[in-house]
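Trainee: I have a model open and would like to go through some of its details. Can we start with the aromatic residues?

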Amino acid sequence: MEDSGQSIIKLNIGNLAAFGLDAPDDIIHGMIRDLPNAAGYTDSKGLIASREAVVRYSREKQISGVTVDDVFLGNGASELITMALNALLDRKDEILVPAPDYPLWTAATSLSGGKPIHYICDESSEWLPDLADIRKKITPQTRGIVIINPNNPTGALYPTELLQGIVDIAREHQLIVFSDEIYDQTLFDGQSHTSIASLADDVLFITFNGLSKNYRCCGYRAGWMIVSGDKRRAGDYIEGLNMLASMRLCANTPGQLAIQTALSGHQSIKDLVAPGGRLCVQRDLAYDLLSQIPGVSVVKPKAALYMFPRLDSAIYPISDDQQFACELLSEEKVLIVQGTGFNWPQPDHFRMVFLPEVSGLTEAIGRIARFLERYRYNRLS
């Protein structure tokens, strides 16, 4: 065991500011400039100018038919996800959620009185959703399907053909598609992102995004939700969304003001993810170092900020991956999240961010490798 005085390296959460990845200067300066005008309530759905900026962004993403009335601003996408499910679900209603997932989706479904049903994303197919598994899990109680694209925790990016398959399923079974797109600009290797809502106008889509990741503004709590597609039969649902938005009065005003500045300014995330950019270099390093550890395999992320490595169960027969994560923290002072925390059914994965700079990332994965070496030795001895 290493000296207990060594510092903890936190690879457990995508909190970019903690790793020196700060908000762009134009957003900071804009917030400072606008703060004297931010003391009052806004419209319950958000400032008109900021919602107009989201409408323009939706056009850039080729989502058709979006007006200011279709945009809701919130205290981060997380608040809006909870709101969207609260407005929809009654007892026994089901929502299809990916496994692994961002656990807010499972928790918010349960909190809203619904039942999360997890469909499998296939690691052997670069973590893409298994359309056959989705179809198999649809019942008369299914109300919607969640996709997280780009994906947290796997870093997968969904091709247009797969998204079209999900649209076809939603159309056939009259499901709402909830699309979490918070990492839609955090793309590597020249990849491009398709918003699923751009692929049809006869399915109801609820699209979520915000400033936390692409703009490194986690603490600003500024997000948006877009209602698009077939809104004709969704009047009661949209009325529920409006009611819930009114009940919380409004989202925080400084964060709303930052949305307009962010969407109209320089998209600095592109510099970070380009070849030689900080995030791209760190992703490549983390992938290479993890891949060198015996019994560890990982799908190289095409997007987002995370890796979801697999531990070969023949080499690491882990029965309790939360305990595994606690032992790693205790012995090597590296904090990761166990895979079952993302509703993955087997205790054979963990999630880590690749946000530390090169030296810190090298140290962190070196500690993980050392811990796993002891694990292998203890098993054989």
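**Aromatic pairs and other details**

Mentor: Trp127 and Trp344 are both buried, where buried means under 20% relative accessible area, exposed over 50% and partly exposed in between, with a 1.4 Å probe and protein chains only. This is a predicted model, in which local features need pLDDT of at least 70, side-chain atom pairs count only at pLDDT 80 or more, and totals for chains, interfaces and linings use all residues. Residues are numbered from 1 along each chain as its sequence is written, and side-chain values use heavy atoms, with hydrogens and water left out.

Trainee: How many aromatic pairs does the structure hold?

Mentor: There are 12 aromatic pairs. Rings of Phe, Tyr and Trp (its six-membered ring) pair if their centres lie within 6.5 Å; planes under 30 degrees apart count as stacked, over 60 as edge-to-face and the rest as tilted. Trp127 and Phe308 make an edge-to-face pair, 5.5 Å centre to centre with 70° between the planes.

Trainee: Where in the chain are Trp127 and Phe308?

Mentor: Trp127 is in the loop between strand 4 (115–122) and strand 5 (128–129), and Phe308 is in the loop between strand 11 (306–307) and strand 12 (310–311). Helices (H or I, at least four residues) and strands (E, at least two) are DSSP runs, numbered from the N terminus.

Trainee: Are Trp127 and Phe308 buried or exposed?

Mentor: Both Trp127 and Phe308 are buried.

Trainee: Which residues do ring pairs link into a cluster?

Mentor: The cluster consists of Trp127, Phe308, Phe342 and Trp344.

Trainee: Switching to helices. At what angle do helix 3 and helix 4 pack?

Mentor: Helix 3 (residues 76–86) and helix 4 (residues 104–111) pack at about 40°, and their axes are 9 Å apart. Axes are lines fitted to C-alpha atoms, for helices over the stretch in contact, and angles run from 0 to 180 degrees between N-to-C directions.

Trainee: Which residues make the contact?

Mentor: Helix 3 contributes Ser78, Ile81, Thr82 and Leu85, while helix 4 contributes Leu104, Trp105, Ala108, Thr109 and Leu111. Contact means heavy atoms within 4.5 Å.

Trainee: Now the backbone. Which peptide bonds are cis?

Mentor: One of them runs from Ala99 to Pro100, with omega near 0°. Pro100 is placed in the loop between strand 3 (94–99) and helix 4. Another cis bond joins Asn149 and Pro150, where omega is about 0°. Pro150 sits in the loop between strand 6 (142–148) and helix 6 (160–173).

Trainee: What is phi of Arg216?

Mentor: Phi of Arg216 is positive, about 55°, although Arg216 is not a glycine. Arg216 is in the loop between strand 8 and strand 9 (223–229). Arg216 counts as buried because its relative accessible area is 8%.

Trainee: And where is Arg221?

Mentor: Arg221 is in the loop between strand 8 and strand 9. Its phi is near 50°, a positive value in a residue other than glycine. Arg221 has 30% relative accessibility, so Arg221 counts as partly exposed.
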